[in-house]
Amino acid sequence: MTATRSPRPVRRVLGAVALTGLLLGAAACGGTDEEPDDTARTARDGSQFNDADVEFATQMIPHHAQAVEMVVLAEGRDVDPEIAALMTDIREAQVPEVQTMTEWLTTWGEPVPETGLDHANAGHDGGSHDMEDDEAMGEAMTGMMTSEEMQELREADDAEFEQLWLEMMTEHHEGAVEMAETEVAEGLHPDAVALAESVITSQSAEIEAMEELLG
């Protein structure tokens, strides 16, 4: 009999953006608004971006990469067709998004985080990727699975794999939606905000589908 996985406490994403442009009131001297620390920067292609955009791309790349790794772990298993279709949708949506966000960070002159996505795309089982790195990232990113949880999923037999995968991916998606909502509220780069809005729409719909499959 398949045991239901208890949800972990939701981790809050620690925002990198501190607003210092506080109004001191009508009696403040001069009465002018100060610029926040998270001011616009200009990329080498002339586009505008800010710290919230950088944080969104930097965190969402490994977040997406782990989701793809979770899809790869289903390869070779007898998976329900509805779940298999969902896995295909996740992989086909998130791999191009990782490539897009990588291009943004490169254009912005920001470092691109390393992930196990190259192994996942090659059809490997992700075992060569250092899952301890993902665990460390999970402490700062809501929805990320720890190395222990990924190992649990990897070692699950077919009878329990589907339910465990759905539970984990639901939590994973919830974290992505939360991160995307922060980008919509605080981001500046139009394309990054648009991608975040797309993540909210698509992954919210997938959460509903997975909850139905979980019953």
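Which side chain meets that of E75 in a salt bridge? The partner is R91, and the N to O distance of this salt bridge is 3.0 Å. The structure is a predicted model, in which local features need pLDDT of at least 70 and side-chain atom pairs count only at pLDDT 80 or more, while totals for chains, interfaces and linings use all residues. Residues are numbered from 1 along each chain as its sequence is written, and side-chain values use heavy atoms, with hydrogens and water left out.

**Salt bridges**

A salt bridge is taken here as a side-chain nitrogen of Lys or Arg within 4 Å of a carboxyl oxygen of Asp or Glu, and by this rule the count comes to 4 salt bridges. Among them are the following pairs.

| Pair | N to O distance |
|---|---|
| D51 and R41 | 2.7 Å |
| R41 and E110 | 3.1 Å |
| E75 and R91 | 3.0 Å |

R41, D51 and E110 are linked in a network of salt bridges. In the salt bridge between D51 and R41, D51 belongs to helix α1 (residues 51–72) and R41 to strand β1 (residues 41–42), so that this pair ties together parts 10 residues apart in sequence. In the salt bridge between R41 and E110, R41 lies in strand β1 and E110 in the loop between α2 (81–107) and α3 (117–121), so the parts tied together are 69 residues apart in sequence.

With buried meaning under 20% relative accessible area, exposed over 50%, and partly exposed in between (1.4 Å probe, protein chains only), R41 is partly exposed at 30%, as are D51 at 29% and E110 at 21%. E75 is also partly exposed, at 43%, and R91 is partly exposed at 22%.

**Packing of α2 and α6**

The axes of α2 and helix α6 (residues 158–186) come within 12 Å and cross at roughly 35°, where axes are lines fitted to C-alpha atoms, for helices over the stretch in contact, and angles run from 0 to 180 degrees between N-to-C directions. The contact (heavy atoms within 4.5 Å) involves I83, L86, M87, I90 and Q94 on α2, and F161, E162, W165, L166, M169 and H173 on α6.

How values were computed. Helix = DSSP H or I, 4+ residues; strand = E, 2+ residues; numbered from the N terminus.
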